[in-house]
Amino acid sequence: MRAKLPYLILALFLVVADQATKAWATLKLRPVMTIEVLPGYFRFSYATNRGVAFSMFAESSLNVRWIFAVISIFAAVFVLNYLWRTAAWQRRANLALGLLLAGIVGNMIDRIRLGEVVDFIEVHWRDQYVWPTFNVADSAICVGAVLLAIEMIWEARANPAPAATE
């Protein structure tokens with residue numbers, strides 16, 4: 001339990017940061033919609049998303065709010081269980097799982113509370129190439145997923161599966 005505490009504290013910190021930045025975005029950005037931070041490259045733009053990654057299912061006629069909320073709850077429980085079962089010495093995996101947990105819970109709170117997720121960070125290249133607007137929780141999920149994938153690749157290379165015999 002004690003070995004997992006730093007990852008749970010990190011997850012809690014990121015959930016609080018995610019919710020605080022979304023509250024800021026709602027208060028400050030919704031009225032003006034956009035604040036240029038680094039013209040041509042980075043801005044804060046208020047947006048909401050009823051769907052999932054890249055606004056998939058956002059226009060669905062189904063009540064996706066509760067469907068995605070339930071999926072998020074199951075995902076959070078799965079990741080928390082995975083974190084609990086991961087060995088303490090596997091720090092990268094534990095960090096990745098803490099990040100994933102934070103992102104899932106941060107966006108889940110929005111889905112349950114608002115029925116949509118608040119996004120506000122926009123990275124672009126002179127408006128020709130615009131990455132979909134995202135938030136702190138989305139960042140935590142992406143970084144966590146990449147770290148977990150790297151960890152799994154390294155683990156597979158360090159412990160190759162025995163060759164099948166005929």
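Reader: In this predicted model, which residues of the largest nonpolar core touch the most other members?

Author: The model is predicted. Its largest nonpolar core holds 18 residues. The members that touch the most others are V79, L97, L101 and V105.

Reader: What does V105 touch, not counting residues up to four places away in sequence?

Author: V105 is among the core members with the most contacts to other members. Leaving out residues up to four places away in sequence, its partners are V15 and A76.

Reader: Are α2 and α3 roughly parallel or roughly antiparallel?

Author: The axes of α2 (residues 64-85) and α3 (residues 91-114) come within 9 Å. They cross at roughly 160°. Angles over 145 degrees count as roughly antiparallel. Therefore α2 and α3 are roughly antiparallel.

Reader: What is the handedness of the crossing where α2 passes α3?

Author: Take the two helices as a pair. The crossing of α2 past α3 is left-handed.

Reader: How many residues of the contact of α2 with α3 are nonpolar?

Author: On the α2 side, the contact includes W66, F68, A76 and V79. On the α3 side, it includes L97, L101, I104 and V105. Of the contact residues, 2 are polar and 3 charged, while the nonpolar ones number 18.

Methods
Residues numbered from 1 in each chain as written. Predicted model: local features only at pLDDT ≥ 70, side-chain atom pairs only at ≥ 80, totals over all residues. Heavy atoms only, no water. Axes fitted to C-alpha atoms, helices over the stretch in contact; angles between N-to-C directions. Helix = DSSP H or I, 4+ residues; strand = E, 2+ residues; numbered from the N terminus. Parallel < 35°, antiparallel > 145°, perpendicular 65-115°, else oblique. Left-handed = near helix turned anticlockwise from the far one by under 90°. Contact = heavy atoms within 4.5 Å. Nonpolar A, V, L, I, M, F, W, Y, C, P; charged D, E, K, R; others polar. Core = buried A, V, L, I, M, F, W, Y, C linked by side-chain atoms within 4.5 Å. Buried < 20%, exposed > 50% of the residue type's maximum accessible area, 1.4 Å probe, protein only.
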